[in-house]
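This briefing describes selected features of a protein model, grouped by topic. Please read it alongside the sequence and the coordinates.

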Amino acid sequence: MFAKGVLRTLLAGTAAIVSAGTMAGTANAQAPGPAGTAAGTTVTNTAQASYTVNGVQQNATSNAVSFVVDRKVNLTVIANQPNNTQVAIGQTAAVTTFKVTNNTNGTQDFLLSSSQTPIQGLFNGDNFDVTNIHIYVDSNGNGTYDAGTDTATYINELGADQSAVVFIVADIPNNQANVLAGITLIAQVAAGGDTAAQGLPLAPSVAPNDDNVVDVVFADNDSDGLGPDIIYNGQGRAALGYEITTRNVALSVAKSQLVLTDPVNLAIAPKAIPGAVVQYCLVVNNSTVGTPASNVTLTDVIPPNTTYVANSMSIGAIALGGTCLLTGILDGVSLADDGTVTVPLVNYTGSFNATTKTVNARIPVLLGGTSVAATFRVTIN
Ligand SMILES: [Ca+2]
Ligand SMILES: [Ca+2]
Ligand SMILES: [Ca+2]
Ligand SMILES: [Ca+2]
């Protein structure tokens with residue numbers, strides 16, 4: 001903020017020099033910028049008449065007439081990034097960046113507001129609204145949003161032909177159906193001159209021209225390309241979008257166990273005695289319908305006082321309520337401990353590392369709204 005303040009002060013000083021030169025009638029005054037001669041500059045003119053009387057040169061000078069240059073208000077607002085901002089579901093403080101340029105022949109403030117694109121689904125692509133919207137000026141002039149530093153909520157004392165970067169900062173709702181939210185920045189011209197305060201909105205002068213008063217004329221053209229352009233309202237606008245490209249899924253893992261056999265009772269009401277075989281069941285569930293989870297990996301270190309049963313891993317077992325159904329073919333496809341077996345079509349794989357005593361199952365794609373179960377067995381030492 002300080003850097004820009006210094007810059008604007010210097011420019012204001014330059015404008016004052018131009019003004020003094022013009023008032024003095026200096027022919028080679030510094031040329032104004034694209035916004036034109038600074039508002040408030042006094043333009044004075046006098047006329048001379050020369051004549052002779054009886055061969056003697058005579059001169060007459062007219063009275064001086066002068067007027068002050070009026071304020072021609074104009075501005076442009078553009079998106080200051082090439083594409084929509086890509087965001088994740090549930091992201092906070094997502095930023096879109098705009099640039100406001102003061103094309104007025106004088107310094108002024110700009111009030112900032114925003115409007116959300118109405119949700120119209122397929123019609124315009126917008127299907128959600130962002131929340132917790134804030135608008136901040138790039139106070140330290142580095143072009144990126146710095147939370148806690150870029151805190152100004154209006155543009156203060158922007159000189160003629162100068163620009164300011166403005167950020168819209170908003171939160172993204174946590175909804176899987178969201179795709180695109182349009183947002184528009186609106187800049188409204190306001191009076192400058194009080195460097196420490198937010199100026200009041202400017203209004204065009206309606207009274208006839210007063211040569212001694214800086215009248216206000218709106219010359220803006222809201223050319224955002226969105227709908228009919230509204231001209232001469234002292235506003236400029238530009239639109240950008242928040243586009244969701246990263247989605248989270250609600251992934252959960254449930255684990256259960258079942259004693260299958262013991263050395264005494266065999267499979268009839270087996271107990272967890274040494275030598276008994278226990279089957280563990282891992283059910284991974286993606287409850288987010290419509291959004292697959294990729295590269296799901298399950299790991300399980302077998303518990304102390306047990307021994308892994310070689311090649312006992314299976315994957316794709318039918319799960320019900322977080323528990324595997326353990327009857328025959330419902331156990332799923334048996335995997336080799338060395339990871340060499342892949343379940344056809346779905347490409348599930350699994351392995352057992354005897355050194356780390358870790359069971360590992362990999363599911364390349366877990367579709368939304370589906371579960372996959374993996375089982376393995378141990379014996380009680
Ligand atoms: Ca919207
Ligand atoms: Ca910044
Ligand atoms: Ca101000
Ligand atoms: Ca005037």
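Predicted model: local features only at pLDDT ≥ 70, side-chain atom pairs only at ≥ 80, totals over all residues.

In which loop does Asn-54 lie? Asn-54 is placed in the loop between β2 (48-53) and β3 (56-61).

- Most residues other than glycine have a negative phi.
- Ala-269 counts as partly exposed because its relative accessibility is 49%, and the exposed class requires over 50%.

**Calcium ion (ligand 2)**

- The protein donors of this ion are Asp-138 (OD), Asn-140 (OD1), Asn-142 (OD1), Thr-144 (O), Asp-146 (OD), Asp-150 (OD) and Asp-150 (OD).
- These donors of the calcium ion (ligand 2) lie 2.2 to 3.1 Å from it.
- Along the sequence, the donor residues of the calcium ion (ligand 2) are spaced D-x1-N-x1-N-x1-T-x1-D-x3-D.
- Thr-144, which donates through O, is partly exposed, with a relative accessible area of 43%.
- Asp-146, which donates through OD, is partly exposed as well, with a relative accessible area of 22%.

- For six octahedral donors at a metal, the ideal angles are 90 or 180 degrees.
- Asn-209 is exposed, with a relative accessible area of 53%, whereas Asp-215 is buried, with a relative accessible area of 10%.

**Open sheet of 5 strands**

- The strand order in this sheet is β7-β15-β13-β9-β11, and the pairing is mixed.
- β7 (85-88) and β11 (154-158) each have a single partner strand and stand at the edges, so one side of each is left without a neighbour in the sheet.
- On average, neighbouring strands of this sheet are turned by 30° against each other, direction ignored.
- Strand β9 (residues 108-116) is joined to β11 by 3 bridges, and the two run antiparallel.
- Gln-108 has Leu-158 as its bridge partner in β11.

**Open sheet of 3 strands**

- This sheet has the order β18-β25-β24, with antiparallel pairing.
- At its edges stand β18 (293-301) and β24 (349-353), each with a single partner strand, so one side of each is left without a neighbour in the sheet.
- The twist averages 15° from one strand to the next.
- β24 and strand β25 (residues 358-366) run antiparallel and are joined by 5 bridges.
- The bridge partner of Gly-350 in β25 is Ala-361.

**Nonpolar cores**

- In soluble globular proteins, nonpolar side chains tend to be buried together.
- The largest nonpolar core has 34 residues, of which Ile-155, Leu-185 and Tyr-242 touch the most other members.
- Strand β13 (residues 180-191) contributes the largest share of this core, 5 residues.
- A second, separate core has 25 residues, including Tyr-308, Leu-335, Tyr-348 and Ala-374.

- Asn-174 is located in the loop between β12 (163-171) and β13.
- Its relative accessibility of 62% means that Asn-174 counts as exposed.
- Not counting residues up to four places away in sequence, Asn-174 touches Ile-89 and Gly-90.
- Asn-174 and Gln-91 are 83 residues apart along the chain, while their C-alpha atoms are separated by 8.0 Å.

Terms used: Residues numbered from 1 in each chain as written. Chains lettered and ligands numbered in written order. Heavy atoms only, no water. Donors = N, O, S within 2.8 Å, 3.2 Å for Na, K, Ca; no water. Buried < 20%, exposed > 50% of the residue type's maximum accessible area, 1.4 Å probe, protein only. Pairing = 2+ DSSP bridges. Helix = DSSP H or I, 4+ residues; strand = E, 2+ residues; numbered from the N terminus. Axes fitted to C-alpha atoms, helices over the stretch in contact; angles between N-to-C directions. Core = buried A, V, L, I, M, F, W, Y, C linked by side-chain atoms within 4.5 Å. Contact = heavy atoms within 4.5 Å.
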